[in-house]
Amino acid sequence: MKKLFAEFFGTFWLVFGGCGSALFAAGIPNLGIGFAGVSLAFGLTVLTMAYAVGHISGGHFNPAVSFGLWAGGRFSAKDLLGYIVAQCIGAIAAAGTLYTIASGKIGFAIDNTKAGAFASNGFGAFSPDGYSMQAAFLAEFVLTLFFLLVILGATDKFANGKFAGIAIGLALTLIHLISIPITNTSVNPARSLSQALFVGGEPLSQVWLFWAAPILGAIAAGFIYKNLLQNNSQA
């Protein structure tokens, strides 16, 4: 249970910090943090929670990460469901908290006909810069694949584990710098689901892509690292 609570709180912080920065801090005229600030916020959420609770649960905070670690031989299949449920509940709780806070501003409303509404992900007309479904799928697949390669490499028993959280946090920052204009950046099915549930409409119907592409990319990374990169001769 401690591991599941760690995943709950870690995923809550990721969604609250990352999506919260997009909702509250990115759009303030002349003072907003913009894409770069939101990217850094997402990276900082993972970095801080990796050191806060990573030693308890492994610091996944993301169903795709759990699948990737399983594919890489670092995580047991019997624990997958529990971790994913805890991550989704944490993400949804964070989205609910964000909604409650946002509702405290006069005139607040979610326009589910607008790209990026309530920090949701999307493609086509719901991509921030109009990217197609195919482009969105490829971006999410490739970026999650490399995110898992960084995670697997940085946490390898032959790596310097003290700096793993920094490498992983910076990798997530870079991923957001690349892909916010494409999909508003997911690489995390729980983060996509939580926001889409509050938005509804077309963004919710598109959430399948933000489960399929990240999980497939993560699984591919797990197999690649395990079979092509991992130093098995010293294992």
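Where in the chain does Asp156 sit? Select Asp156 and you land in the loop between helix 5 and helix 6 (164-183). Helices here are DSSP runs of H or I at least four residues long, strands are E runs of at least two, and both are numbered from the N terminus.

Before going on, a note on what you have loaded: this is a predicted model, where local features need pLDDT of at least 70 and side-chain atom pairs count only at pLDDT 80 or more, while totals for chains, interfaces and linings use all residues. Residues are numbered from 1 along each chain as its sequence is written, and side-chain values use heavy atoms, with hydrogens and water left out.

**Stop one: Asp156 and Tyr225**

Stay on Asp156. Its relative accessibility is 10%, so Asp156 counts as buried (buried is under 20% relative accessible area, exposed over 50%, partly exposed in between, with a 1.4 Å probe and protein chains only). Skip residues up to four places away in sequence, and Asp156 touches Arg74, Tyr225 and Gln230; contact means heavy atoms within 4.5 Å.

Now click on Tyr225, which belongs to helix 9 (residues 209-229). Tyr225 counts as buried because its relative accessibility is 10%. Leaving out neighbours within four places in sequence, show its contacts: Arg74, Leu149, Leu152, Gly153, Asp156 and Gln230.

**Stop two: helix 3 against helix 4**

Show helix 3 (residues 63-71) with helix 4: their axes come within 9 Å and cross at roughly 160 degrees. That angle makes helix 3 roughly antiparallel to helix 4. The axes are lines fitted to C-alpha atoms, for helices over the stretch in contact, and angles run from 0 to 180 degrees between N-to-C directions. Under 35 degrees counts as roughly parallel, over 145 as roughly antiparallel, 65 to 115 as roughly perpendicular and the rest as oblique.

From Gln87, jump to Tyr131: the two are 44 residues apart in sequence and 28 Å apart in space, C-alpha to C-alpha. Tyr131 is in the loop between helix 4 (80-102) and helix 5 (133-154). With 33% relative accessibility, Tyr131 counts as partly exposed. Beyond its neighbours within four places in sequence, Tyr131 is in contact with Phe123, Gly124, Pro181 and Ile182.

Phe118 is in the loop between helix 4 and helix 5 too. Buried or exposed? Phe118 counts as buried, because its relative accessibility is 5%. Check the backbone as well: Phe118 is not a glycine, yet its phi is positive, about 55 degrees. Most residues other than glycine have a negative phi.

**Stop four: Val187**

Val187, in the loop between helix 6 and helix 7 (189-199), has a positive phi near 50 degrees, and this residue is not glycine either. At 1% relative accessibility, Val187 counts as buried.

Colour residues 35-53, 80-102, 131-151, 163-187 and 207-225, which an unreviewed UniProt entry labels "transmembrane region". UniProt positions follow the numbering used here, feature names are shortened, and annotations may be inferred rather than shown by experiment. Residues 35-53 are 100% helix and 0% strand, with end C-alpha atoms 27 Å apart. Residues 80-102 are 100% helix and 0% strand, and their end C-alpha atoms lie 33 Å apart.
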